[in-house]
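Please open the model in your viewer and keep the sequence beside it, so that each selection can be followed in both places.

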Amino acid sequence: LDGAIPPQENPKLFGHDEAAQFLAQSYRSGKGHHAILIEGPEGIGKATLAFRFAHHVLSYPEPALAPENLADPDPESQVSHQIASGASHNLLHLTRPVDEKTGKVKSAITVDEVRRAGHFFSQTSGTGNWRIVIIDPADDLNRNAANAILKILEEPPKRAMFLVLSHAPGKLLPTIRSRCLPLRLHELSAEAMDKALGQLGLAIPADRR
């Protein structure tokens with residue numbers, strides 16, 4: 001949609017309260033899984049939820065001191081500015097890269113992109129901070145990239161977290177799925193859709209709902 005807010009900049013999440021609460025409470029327990037497969041139809045807010053959770057973790061690096069719920073991120077906070085600008089040293093967003101020669105987005109997430117994750121972990125391994133990788137979406141990983149991600153998932157670094165997004169999890173390598181905790185998101189209700197569109201200054205006429 002025209003005017004849609006990029007997930008990394010969006011302070012609002014609509015329609016996924018249960019999933020958000022699960023993530024917050026799982027993290028607070030200190031027993032959260034290192035890789036979460038956030039799955040569901042395209043365009044329902046998977047990436048927004050992932051960035052929202054990443055903001056939560058980076059804002060509260062000690063799980064026991066974290067709130068029980070994911071609050072709306074403060075757009076003026078340092079963490080928000082770093083995430084929105086792609087300047088966070090503790091968050092890596094892996095998505096299809098732009099081809100430098102053509103200026104167009106490539107058709108897949110390549111193994112070179114995944115190597116960025118290895119470099120990311122090596123650069124931050126001594127900081128003691130959480131390091132979060134959002135794979136958006138994992139459906140776009142080519143075979144070599146998927147195998148490279150699998151190797152990292154099999155032996156994750158300490159205080160590392162993967163948020164793996166998928167529109168069609170059945171197409172992912174079974175070995176990737178088996179190393180992730182699945183979190184299914186469902187299509188937005190009419191009420192949640194109205195709120196989401198209202199944020200953009202749009203509305204659906206009653207006779208088209």
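The model is predicted, so local features need pLDDT of at least 70 and side-chain atom pairs count only at pLDDT 80 or more, while totals for chains, interfaces and linings use all residues. Residues are numbered from 1 along each chain as its sequence is written, and side-chain values use heavy atoms, with hydrogens and water left out.

**The sheet**

Begin by selecting the strands; helices (H or I, at least four residues) and strands (E, at least two) are DSSP runs, numbered from the N terminus. You will find an open sheet of 5 strands in the order E2-E3-E4-E1-E5, with parallel pairing, where two strands pair if DSSP finds at least two bridges between them. Strands of a sheet pair through backbone hydrogen bonds, either parallel or antiparallel. Colour strand E2 (91-94) and strand E5 (181-184), which stand at the edges with a single partner strand each, so that one side of each has no neighbour in the sheet. From one strand to the next, the twist averages 20°; angles run from 0 to 180 degrees between N-to-C directions, and axes are lines fitted to C-alpha atoms, for helices over the stretch in contact.

Next select strand E1 (residues 35-39) and strand E4 (residues 160-166), which pair in the parallel sense over 5 bridges, and look for Glu39, which stands opposite Ser166 in E4.

**From H1 to H2**

Keep H1 in view and select H2, whose axis comes within 11 Å of that of H1 and crosses it at roughly 30°. H1 and H2 are therefore roughly parallel to each other, given that angles under 35 degrees count as roughly parallel, over 145 as roughly antiparallel, 65 to 115 as roughly perpendicular and the rest as oblique. Show the side chains where Ala19, Ala20, Leu23, Ala24 and Tyr27 in H1 meet Leu49, Phe53, His56 and Val57 in H2.

Which kind of aromatic pair do the rings of Tyr27 and Phe53 make? Their centres are 6.2 Å apart and their planes lie at 85°, so the pair is edge-to-face; rings of Phe, Tyr and Trp (its six-membered ring) pair if their centres lie within 6.5 Å, and planes under 30 degrees apart count as stacked, over 60 as edge-to-face and the rest as tilted. Because Tyr27 lies in helix H1 and Phe53 in helix H2, the pair ties together parts that are 26 residues apart in sequence.

**From H2 to H3**

Select helix H2 (residues 46-59) together with helix H3 (residues 78-85), whose axes come within 10 Å and cross at roughly 135°. H2 and H3 are therefore oblique to each other. Here Phe51, His55, Leu58 and Ser59 in H2 meet Val79, Ser80 and Ile83 in H3.

**Two loops**

Finally, select Pro137 in the loop between strand E3 (131-135) and helix H5 (143-154), where a cis peptide bond joins Asp136 and Pro137, with omega about -15°. Then move to Arg159 in the loop between H5 and E4, whose phi is near 55°, a positive value in a residue other than glycine.

Terms used. Contact means heavy atoms within 4.5 Å.
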